[in-house]
Amino acid sequence: MDKAFWLGVAAYLVPTFPLGYFWHLKTFADRYEALGMYRDDVIIPLGFLSMLLQALVFSWAYPRLFSTAPNDVWKSAFQCFVVFGVLAFSFVVLPVAAKYRMNSVAGFMILETVFTAIQFAVVSPLMALAHRQPG
């Protein structure tokens with residue numbers, strides 16, 4: 001667990017927590033409420049713990065899956081966006097839409113797909129920079 005690992009953890013957590021908080025609980029709170037699927041008293045520490053675990057796993061996996069060469073930053077960031085974004089979509093959007101009661105499956109899928117795309121558009125370049133080898 002070197003400096004790049006912890007920078008990668010920060011690269012995931014620092015933008016993801018505020019983005020998730022404001023997206024779900026402020027900016028689009030009325031749309032999520034209309035879906036009828038969230039509890040009234042959201043347990044924020046559990047959401048943060050989920051993000052922390054994701055940050056640890058993604059930062060550990062990043063240098064094992066993508067190039068950390070200085071010249072490959074943008075290529076690796078794009079690959080990260082695709083791979084981690086599709087993975088997140090597969091364990092957040094699809095199973096929740098499949099299992100949970102909600103007033104609009106399509107509405108939920110649109111909101112969460114856009115959120116996931118924005119999240120990884122921000123996180124992926126930051127993780128690529130965090131894991132970039134010096135030189």
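Axes here are lines fitted to C-alpha atoms, for helices over the stretch in contact, and angles run from 0 to 180 degrees between N-to-C directions. Helices (H or I, at least four residues) are DSSP runs numbered from the N terminus. The model is predicted, so that local features need pLDDT of at least 70 and side-chain atom pairs count only at pLDDT 80 or more, while totals for chains, interfaces and linings use all residues. Residues are numbered from 1 along each chain as its sequence is written, and side-chain values use heavy atoms, with hydrogens and water left out.

Select residues 44-65, helix H3, together with residues 73-99, helix H4: their axes come within 11 Å and cross at roughly 140°. That angle makes H3 oblique to H4, a term for whatever is not under 35 degrees (roughly parallel), over 145 (roughly antiparallel) or 65 to 115 (roughly perpendicular). Next, show the side chains in contact (heavy atoms within 4.5 Å): on H3 they include Phe-58 and Tyr-62, and on H4 they include Phe-84 and Phe-91. The residues of this contact divide into 9 nonpolar, 2 polar and no charged.

Move on to helix H1 (residues 3-27) and helix H5 (residues 105-131), which pack at an angle of about 155° with axes 9 Å apart. H1 is therefore roughly antiparallel to H5.

Finally, stay on H5 and pick Ala-121, which at 44% relative accessibility counts as partly exposed (between buried, under 20% relative accessible area, and exposed, over 50%, with a 1.4 Å probe and protein chains only).

Methods: Helix = DSSP H or I, 4+ residues; strand = E, 2+ residues; numbered from the N terminus. Nonpolar A, V, L, I, M, F, W, Y, C, P; charged D, E, K, R; others polar.
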